[in-house]
Structures are given as structure tokens and as C-alpha cells.
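Q: I would like a close look at one part of this protein. Please keep it short and clear, and then show me how that part sits in the rest.

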Amino acid sequence: MKIKFLGGCEEIGRSAILIDDNIVLDYGLRPSDPPEIPVGNISPKSVIVSHAHLDHSGMVPSLMVNHRDLSPEVYVTSITGDLANLLSKDTIKVGKDQGFCFFNENDIMKMRENTHFVDYGERIALNRSDYGADYEFELFNAGHIPGSVSVHLKKEDEAISLHYTGDIKIGETRLMEGASLAEMPSSDILLVESTYYGRDHQDRREQEHEFIDSIKETLYAGGTAIVPCFAVGRTQEIVMILHSYGLTPYVDGMGLGVFRTFKNHPQFLKDAEGLNAAFSDAKFVNARKRKKAVSEPSVIVTTAGMLNGGPVLYYLKKLHDDPKSKVLLTGYQIEGTNGRRLLEERRVETNGEMLKVDTCVEQYDFSAHAGDAELKKLVSQFCGNGTEVIFPVHGEHTVEFAAWVKDNFECDAISPKVGEEYIVE
Ligand SMILES: [Zn+2]
């Protein structure tokens, strides 16, 4: 089996892994300014998308070509298909503002036409007549966001199997049941995400208490709590947390459209009713209502989670020097993003200008990724079941992760670089 890494190596973003020049696992973009995209020019026969986050799905429409039959087939869960459609349209809009263009509306339409919805546990055969070899794959709940999957791919001819975790979360959150390690089959090759390698998460409930206490303090002081969140997953999780503590937030940006999509696929949610209740209490903001949202003490849940664009920049411009207000980041801020810059330099870039932020900035960890202990547990299960080689991807510490695997197991481990190709037999 030939594995070529097109992105997402020693970095987070633009995940894309090409198998035998035939099948690509994820095809994302890195949300930097300008966005980075996977390397190389590929024409795969199919794309299997692990979940809808842009760093995994964002470049799929760019694989479509003029003739529909020559465009790759796209395999996703139904909710991922709907979310990818929504987010791709937004990428075109953002591209118009920021001066990039990777695909157009026609490509999105073709992606829709070529999309096959796959359920957890369903086995899909990809046949020799089209692929030059027989493959079969199966999707497992990855617990990361609704519809997220780990992919188990078998190449029948060589009797070799590969498991790609995608972004994975084992512990449960308010929004999601965690991935089940017990369900995961053994495999010869493991591609494992590494976002939190070397770091564990704080206890979720403690984290919630600290977050809520800090927001209440801000409100009592007469300030605004700005809570930047990813549109997909984090916004909904945070609105559920706020609701459970009796707080009614303003919600601005794509998170509302995403909630509506979630609502159409309740089978992918742990608590669809709880999510609906939380959103029916929230107040939705558009560009016209933003002034009102900042005119009173309030909590504003808004995109983008890493501050690269979106309405959050409006709120920062308004409140950057207000000592009563606060920015509460809700997740990891990857290198090269405005969020990372805010943490390290107390500045953000907006419309080409640097804005100094004097309000208090706090970081919370409502991560939807496995922490260090969970990643190690996953790896030891696979190694115990005969995995021969592990490729840590999607992380800034994959070299250390690979070294840890080799030190602890009879298993080879390689931290691949972007553009590298490996043949595993
Ligand atoms: Zn993700």
C-alpha cells in the first residue's frame, strides 16, 4: 500500500493522505492567511472525508473536474455531506473578501452529485474494475463533532489494512458520545491524529465552572464576554454549557446555520433535545444587530474560533480597550492564526492592520480532541493488536509522538513530512 502525505504533517491543517494514487483520506485547507492547501496535483477516484471541519474537508470541491464522471466519488456521513456543502459556500465568500479562489459554485454542485452517504458500520467495496485493486472501507464514530469518523480501509489483494483516526475524541462532551476504542478493529497501519500529544485536558466540569464564573464576573462588572468558537461543534457545545448554567448568549456567525444542519440529523447528536432547548433560548445576531449586542453586558458566542475573520473581529474592534470586557478562547490556537497572535502578543490583525487588545484574554480547553493519555491508550491498543507501523499526523509534536511509540512498543513509527511517500507491505 502506497501512502502519500499531502498535508497535515508536523502541522495542524490541510489534512490529505493519498492511498495508491486512488483514494484520498480528507482534503482540507489550513486556515491561515492566505490558506495553505495540500501539495501536488492529484486525480483520485474517491475521497473519504472524516469530518466537516475545513482542515479536513475544505478543498474537496477543488478535486471536481468539468466532466462529472471524471470527478472523484465522495464518501461521507450524511451530516458531514450537508455541512461540507454549507462550509464550501462560505469558503467562496471568504475567498472573495480575502483574495483567494480554489473552486466555484459548479464544483460544489458536482461534489454534491458525486457524494455517497455512508453510515457508521456500513462496509463499502471499491472494486478492481475502477481502482485496479479491491478495497473495502468502514467508518466508525470518532466522537469529535457530529458525523465525524475514523476510517478503516482494507486492500484485499495485499491483505493489508489501514486505520485513520481522523480527529478523535474518546471522552464524551455535552454534544457527542465519545469514540469507542472497543469497537475499533486491529490494523496493520495506523494514522493517528496528534493534536494533544504531550498535553492532557483539565477535568471538563472544573473547566466549565471556571469558564462560567469568569463570564458571570464580567457581566457583574458591566462588561461583554466575547467567546470565539468554531462554527461546527464548538459553538453548539458552548451554547449548551451556557444554557445549563442559565446564561443566554448572543450567537453570531455561521454557528446558527450549522445548528440548523445538526437539527436535521438528530441521530448524530448525544442530546438533540438539549441542543434545541439551548438554541431556542439564545439570541441571534446579524450585522444590523451587533451594536445592540455590545450596548449591554452580554455573552457573545461568535466565529471564527481562531479569529481569522468573521464577526469576532467586529467585537474586538469595538471592545479591544474596554477594561470591563474579556475574550474567552475556547480551544487550541494553531500557529499562524490570529488567535495564537492574540495569546502571545496581545494583538490581532484585521483588514491588514494590527489591533492592540488590552482586554483580559483567557484560554479554556473545551477541546474535541483526545488528550495525551487517551492518544497513548489508543496507540497501545493498536500495538497490542498487531499494528506494525504508526504515522502520527495532525499535530505540532508528531516527531516526539513517533519517538514515544518506538520507545514503548515493538512497532515502527514515522513522523512523515509533507510530500513524502511510503510503501508499506
Ligand atoms: Zn476537526
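In what order do the strands of the open sheet of 7 strands lie, and what kind of pairing does this sheet have?

A: A word of caution comes before the details: this model is predicted.

Start with the sheet you asked about. Its 7 strands lie in the order S7-S8-S9-S10-S11-S20-S21. The sheet is open, and its pairing is mixed. At its edges stand strand S7 (123–126) and strand S21 (412–413). Each of these two pairs on one side only. What holds neighbours together in such an arrangement? Strands of a sheet pair through backbone hydrogen bonds, either parallel or antiparallel.

Now go to the S21 end. Strand S20 covers residues 389–393, and it pairs with S21 in the parallel sense. There are 2 bridges between S20 and S21. Ile390 has its bridge partner in S21, and that partner is Ala413. Helix H13 (residues 398–408) lies across S20 and S21. Its direction makes an angle of about 155 degrees with S20.

Follow some of its strands one by one. S12 and strand S15 (residues 298–302) run parallel, joined by 5 bridges. Across this pair, Thr224 stands opposite Ser298 in S15. Strand S12 (residues 224–228) also runs parallel to S16, with 2 bridges between them. Ala225 has Lys326 of S16 as its bridge partner. S16 in turn runs parallel to strand S19 (residues 360–363), joined by 4 bridges. There, Leu328 stands opposite Glu362 in S19.

Look at S16 from both sides. In a regular strand the side chains alternate between the two faces of the sheet. Strand S16 (residues 326–329) is covered on both faces. Lys326 and Leu328 are buried on one side, and Val327 and Leu329 are buried on the other.

Now for the inside of the protein. In soluble globular proteins, nonpolar side chains tend to be buried together. The largest nonpolar core here has 119 residues. Ile17, Val60, Leu191, Ile226 and Val227 have the most contacts inside it. Helix H10 (residues 312–319) gives the most to this core, with 5 residues. The core takes at least three residues from each of domain 1 (2–199 + 369–423) and domain 2 (204–363). Take Ile17 as an example. Setting aside neighbours within four places in sequence, its contacts include Ile3, Phe5, Val24, Tyr164 and Leu191.

Finally, step back to the whole. The protein has 13 helices and 22 strands. Its C-alpha trace spans about 65 × 50 × 40 Å along the principal axes. A compact globule of 425 residues would have a radius of gyration near 22 Å, and the protein's 21 Å agrees with that. Of the 425 residues, 51% are buried. Among contacts with a separation of 6 or more, 69% join residues 24 or more positions apart.

Note on methods:
Residues are numbered from 1 along each chain as its sequence is written. This is a predicted model: local features need pLDDT of at least 70, side-chain atom pairs count only at pLDDT 80 or more; totals for chains, interfaces and linings use all residues. The radius of gyration is taken over C-alpha atoms; the globule rule is 2.2 Å times the number of residues to the power 0.38. A residue is buried if 20 or more other C-beta atoms lie within 10 Å of its own, exposed if 12 or fewer, and partly exposed in between; C-beta atoms are placed from the backbone. Two residues are in contact if their C-beta atoms, placed from the backbone, lie within 7 Å. Two strands pair if DSSP finds at least two bridges between them. Axes are lines fitted to C-alpha atoms, for helices over the stretch in contact, and angles run from 0 to 180 degrees between N-to-C directions. A nonpolar core is a set of buried Ala, Val, Leu, Ile, Met, Phe, Trp, Tyr and Cys residues joined through C-beta atoms within 7 Å. Domain bounds come from an automatic or database domain assignment.
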